[in-house]
Amino acid sequence: MSTPAEFYQRDRLWHPPAYAKDYKTSVTRSPQYALISLQNSASEITGPTFGHRDIDPIDNDLISNYAAPGQSPIGERIIVHGRVLDENARPVPNTLVEVWQANAGGRYRHKKDTYLAPIDPNFGGCGRTLTDENGYYYFRTVKPGAYPWRNWVNDWRPAHIHVSVFGSGFAQRLITQMYFEGDPLIETCPIVNTIPDKAAIGQLVAALDRNATIPLDTIAYKFDIVLRGRRSTLFENRLEGN
Amino acid sequence: MTQKLNYLKESPSQTAGPYVHIGLAPGAAGFDIYREELGWDIAGPNAKGEPIRVEGIVIDGTGSPIKDVLLEAWQANSAGVYPHPEHPGEVEEGFRGWGRVITDFATGEWGFDTVKPGPVMGRNGRMMAPHINLWIVARGINVGLNTRLYFEDETEANAADPVLNLIEWERRRATLIAKRSERDGQTVYRFDLKIQGEDETVFFDI
């Protein structure tokens, strides 16, 4: 067992600020006081663990995990694959990755979504998987559609997949969204633009990956996810004291 | 010219959005898809210690309940041990220490059943008072909010807690103390969170 050590501090200038006025919902849901900075203790460097008994193999196949036998959802068949890495470029193995998305028409299977595009009877819209020992993961799904939302009167979300990742410590917990290369709606989206840095936004845009495409079957996008890195245990950098 | 450090950057966070339930609690979104949803059983059947219920509501800057919140809890067992390979000590079989709850769509109330955690050794040999780590996401929250729930009846341990003592403004420490009561013979801790405004909950950059 290695001596526990902290995660690198989160670069708050790379992330969106809590208050982003053009994403209106954030205005009353953003703390006004500064966050209190905390050096990691055991409470932050530990986190929940998951195993193959927690999920089923079909959970990562959104094309079949809700479809009636012999049926499949409407839409462009895609594979989303990539690795979960930390800031040291080390793979994050055996970590839970959960995704959710709208169907090809831009409608969510959610009792609060009333958009007029229809529900697809063969599409649930969620999946989950564990990364392998190299941090690798993949999902099969259909490409989600863009949809309108109430912010400015004529705002449209770019096609996106929500992604939730755990890592090994609770301090690495992250929810983000994956966008698709070439989508013209990315540039004008108030939620995308809560992220101040263009290079940071680019980190959320999955590239079309022809090498991973299955010819005559399914097109592929590659999406790597980076979680906070961890310090090496140097000299007095110890959590537990002596 | 200098050498390149070559660190990667953390993927930037984005809001969990209004439909977070589809991915993380599909039953609440209105459909059944998985053999078992994760996060409903924090302590498991063999957990030692005092069974407790934790409840609350999350309030926005207008004073209204936020009804589309998802909270995750991470806690040690009653002996102060996290079920994680890097934390020395034993935990009971089936003790996950992790839970996930959503707020009621009509009222904004949330709650979960668990056991009261024990004190956990903190940095530099300073003991931390019993606490539950909480992570809150919702539509309009751009980066998940981290806070800690401490227990009203742990007066001495709370007074010595190294994290509570980091909060310069003593009156703000009270926002992290859950209120204890009894209901039908069960211990209930009430923990209301205020995201913004007067008596705003203390949130941490961990």
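**A buried serine**

Modeller: Let us begin with B:Ser13, which lies in the segment before H1 of chain B. Please keep in mind that this is a predicted model.

Biologist: Is B:Ser13 buried or exposed?

Modeller: A residue counts as buried when its relative accessible area is under 20%. B:Ser13 has a relative accessible area of 3%, and it is therefore buried.

Biologist: Which residues does B:Ser13 touch?

Modeller: Leaving out residues up to four places away in sequence, B:Ser13 touches A:His15, A:Pro16, A:Leu174, A:Ile175, A:Thr176 and A:Ile195, as well as B:Asn142, B:Val143 and B:Gly144.

Biologist: Which strands are joined to S9(A) by bridges?

Modeller: Strand S8 (residues 160-165) of chain A runs antiparallel to S9(A), with six bridges between them. Within that pairing, A:Ser164 stands opposite A:Ile175. Strand S10 (residues 205-208) of chain A runs parallel to S9(A), and two bridges join them. Here A:Tyr179 has A:Val205 as its bridge partner.

**Where the chains meet**

Biologist: How should I read the size of an interface?

Modeller: The size of an interface is often given as the accessible area lost when the parts come together. In this model, chain B and chain A bury about 8000 Å² between them, and 55% of that is on carbon and sulfur atoms. On the chain B side, B:Glu10, B:Gln14 and B:Arg123 lose the most area to chain A, together 11% of what that side buries.

Biologist: How many residues does each chain bring to the contact?

Modeller: Chain A gives 96 residues and chain B gives 78 residues. Between the two chains there are 52 residue pairs in polar contact. The side of chain B that touches chain A divides into 41 nonpolar, 19 polar and 18 charged residues.

Biologist: Which strands pair between chain A and chain B?

Modeller: One such pairing joins strand S1 (residues 36-37) of chain A to S12(B), in the parallel sense and over two bridges. In it, A:Ile36 has B:Phe204 as its bridge partner.

**Salt bridges**

Biologist: What is the idea behind a salt bridge?

Modeller: Side chains of opposite charge can pair when their charged atoms come close. The structure holds 30 salt bridges over all chains, and eleven salt bridges are found across the interface of chain B and chain A. One of them joins the side chains of B:Glu10 and A:Arg10, at 2.8 Å from N to O. A:Glu98 and B:Arg100 form a salt bridge as well, with their closest N and O atoms 2.8 Å apart. A:Glu98 lies in strand S3 (residues 96-101) of chain A and B:Arg100 in strand S3 of chain B, so the pair joins two chains. Both A:Glu98 and B:Arg100 are buried.

Biologist: Which residues are linked with B:Lys116 in a network of salt bridges?

Modeller: The network links B:Lys116 with B:Glu50, B:Asp153, B:Glu154, B:Arg180 and B:Glu182. B:Lys116 lies in the loop between strand S4 (109-115) and S5 of chain B. Its side chain makes a polar contact of 2.8 Å with that of B:Asp153, and a polar contact of 2.8 Å also joins the side chains of B:Lys116 and B:Glu154.

Biologist: How does B:Glu50 meet B:Arg180?

Modeller: They form a salt bridge, the closest N and O atoms being 2.9 Å apart. B:Glu50 is in the loop between H2 and strand S1 (51-59) of chain B, and B:Arg180 is in strand S9 (residues 177-183) of chain B; the pair links distant parts of the chain, 130 residues apart.

Biologist: Are B:Lys116, B:Glu50 and B:Arg180 buried or partly exposed?

Modeller: B:Lys116 is buried, with a relative accessible area of 9%. B:Glu50 is partly exposed at 27%, and B:Arg180 is partly exposed at 29%.

Definitions and conventions:
Residues are numbered from 1 along each chain as its sequence is written. Chains are lettered from A and ligands numbered from 1 in the order in which they are written. This is a predicted model: local features need pLDDT of at least 70, side-chain atom pairs count only at pLDDT 80 or more; totals for chains, interfaces and linings use all residues. Side-chain values use heavy atoms; hydrogens and water are left out. Contact means heavy atoms within 4.5 Å. Buried area is the accessible area (1.4 Å probe) that two parts lose on being put together, summed over both. A salt bridge is a side-chain nitrogen of Lys or Arg within 4 Å of a carboxyl oxygen of Asp or Glu. A polar contact is a pair of N or O atoms within 3.5 Å; within protein, one must be able to donate a hydrogen and the other to accept it, and residues adjacent in sequence count only if both atoms are side-chain atoms. Ala, Val, Leu, Ile, Met, Phe, Trp, Tyr, Cys and Pro count as nonpolar, Asp, Glu, Lys and Arg as charged, and the others, Gly among them, as polar. Two strands pair if DSSP finds at least two bridges between them. Helices (H or I, at least four residues) and strands (E, at least two) are DSSP runs, numbered from the N terminus. Buried means under 20% relative accessible area, exposed over 50%, partly exposed in between (1.4 Å probe, protein chains only).
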